[in-house]
Amino acid sequence: MIKKEDLEIKMQSFDLTMTPPAEEPQRQYYYIAKAKKLVQELETRLGRKPTFCVTTFGCQMNARDSEKLSGILEEIGYVDNGSDEKSDFVIYNTCTVRDNANQRVYGRLGALSNYKKKNPQMRIALCGCMMQEETVIAKLKKSYRFVDLIFGTHNIFKFAELVCDMLESEDMIVDIWESTDKIVEDLPIVRKYPFKSGINIMFGCNNFCSYCIVPYVRGRERSRSPEDIIREIEMLVADGVVEIMLLGQNVNSYGKNLDNPISFAQLLQKIEQIEGLERIRFMTSHPKDLSDELIEVMRDSKKICRHLHLPLQSGSTRILEQMNRRYTKEQYLELALKIRREIPDISLTTDIIVGFPGETDADVDDTIDVIRKVGYDNAFTFIYSKRTGTPAAAMENQVPEDVVKRNFNRVLETVQEVSKNRTVVYTGQEVEVLVEEINEHDDSLVTGRMSNNTMVHFKGDASLVGTLQRVYLEECHGFYYTGRSI
Ligand code: 5AD
Ligand code: SF4
């Protein structure tokens, strides 16, 4: 992250008739300055400010990437109008973790092609995980020629440069990198919320769970230096942020490959020291790497939120082995129960996949057994989706759809029953809530989150947004509470 004033100073020094610098991020500052000129020309032609809309599919990492895209676009003179069909520049930041995410993108592109016919100056860009797949690129090149710009996950920092190329060309521009060891920092960024922010602490994943496409589309694990992370958080706090979410595919292996190795727990302890920061969240933890050190640091912390997302995927040791998860049912249970023992008020959430190749009813019984024993506060349940190129896609014993559906419903019912019983236990307690917004359905109410991530609605107005409030929890309504300010 870079302060706006510093960026202005850096860009003023560029002579656009010179060749662009080779090193980053200076090269992108040059292209930001150049893009500003091109967008100004576009504004003159249109007689109004050109507009953009970034639509995010998938996880929090993508949401953070979208803030980077918006940061560049606002810097170069586009205005966010929040509606894709009415925008001059439409960007889809895609996900490919399950096939339905891909299908949604193709569906929206189909609709967009009609808008573009009526509005030929419209530009369309696609980026994110789906673009790292060769089959996707081949399909787009063949059947979606109206797309103007396609780039991937490794070169997103080049967005300003790619926008310049796009504005100067009529052809489809495709720039996909197979991998990168680069982490380019200090580019402009806009935040969706003024008071909370995601922060990347690492990129990529080395785990190669056999069903998962992420390591192929996000590349190998790379950690940012603790100094850069702390500096970014300090700047965010100075800018009004009170809650941060540290982002990585597997935060528990953070720092292992740095020149000066540091553990994730040690990083958390450093972040805890930052004055003015109130809450620390993180996502996602792999059970095999979750250390006792981390449990202790969480237990003793005043700022780390009482929430841990600990993906189970399956409760069957046999399936876990096929998934290459590197823990057994018993090891997972031991870990989850240790966490519950050490930090009794923690909320535990998880991800579960139903229908992995070879999964039997007995395997699903094991999953249900773990759900009951851990007593998850919430669980995201997914139907297994075959991802081309992953080892699981080549497994022969894919499970028939009707069996998957039946087992999926069994898991879902258990999750709902268990999580309802968990959430209700806070009724009658006083808790701290970070107010996030005016309630969508009733503007006399505000909506916020407890430290354990449960939503709470209570009487209040816009002046409370972004502040921490003490709230008495009056009534539990399934997965959220209503309460009153005290
Ligand atoms: N099919 C279904 N779910 C998947 N996930 C990852 N890959 C697949 C797949 N091929 C789920 C996992 C992961 C979450 C982000 O998405 O549960 O934790
Ligand atoms: Fe995918 Fe496994 Fe890496 Fe998570 S840890 S991103 S499920 S390979």
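Two strands count as paired if DSSP finds at least two bridges between them. Helices (H or I, at least four residues) and strands (E, at least two) are DSSP runs, numbered from the N terminus. This is a predicted model: local features need pLDDT of at least 70, side-chain atom pairs count only at pLDDT 80 or more, and totals for chains, interfaces and linings use all residues. Residues are numbered from 1 along each chain as its sequence is written, chains are lettered from A and ligands numbered from 1 in the order in which they are written, and side-chain values use heavy atoms, with hydrogens and water left out.

**Exercise 1. Trace the barrel formed by E15, E16, E17, E19 and E18, and describe its pairings.**

Step 1. E15 (residues 430–438) and E18 (residues 468–477) run antiparallel, joined by five bridges. Here Leu 434 sits opposite Leu 468 of E18.

Step 2. E16 (residues 445–450) and E17 (residues 455–459) are also joined by five bridges, in the antiparallel sense. Gly 448 has Val 456 in E17 as its bridge partner. Four residues separate the strands of this hairpin, and Asn 453 has a positive phi near 85 degrees.

Step 3. E17 and E19 (residues 480–485) run parallel, with four bridges between them. Met 455 is bridged to Tyr 480 in E19.

**Exercise 2. Find the residues with the most contacts inside the largest nonpolar core, and look around Ile 271.**

Step 1. A nonpolar core is a set of buried Ala, Val, Leu, Ile, Met, Phe, Trp, Tyr and Cys residues joined through side-chain atoms within 4.5 Å. Buried means under 20% relative accessible area, exposed over 50%, and partly exposed in between (1.4 Å probe, protein chains only).

Step 2. The largest such core has 71 residues, and Ile 233, Leu 246, Phe 264, Ile 271 and Phe 282 have the most contacts inside it. Helix H14 (residues 401–423) gives the largest share, six residues.

Step 3. Contact means heavy atoms within 4.5 Å. Not counting residues up to four places away in sequence, Ile 271 touches Ile 229, Ile 230, Ile 233, Ile 244, Leu 246, Leu 277 and Ile 280.

**Exercise 3. Is Val 79 buried or partly exposed?**

Step 1. Val 79 belongs to strand E2 (residues 79–80).

Step 2. Val 79 counts as partly exposed because its relative accessibility is 35%.

Step 3. Leaving aside neighbours within four places in sequence, Val 79 contacts Lys 49, Pro 50, Thr 51 and Phe 52.
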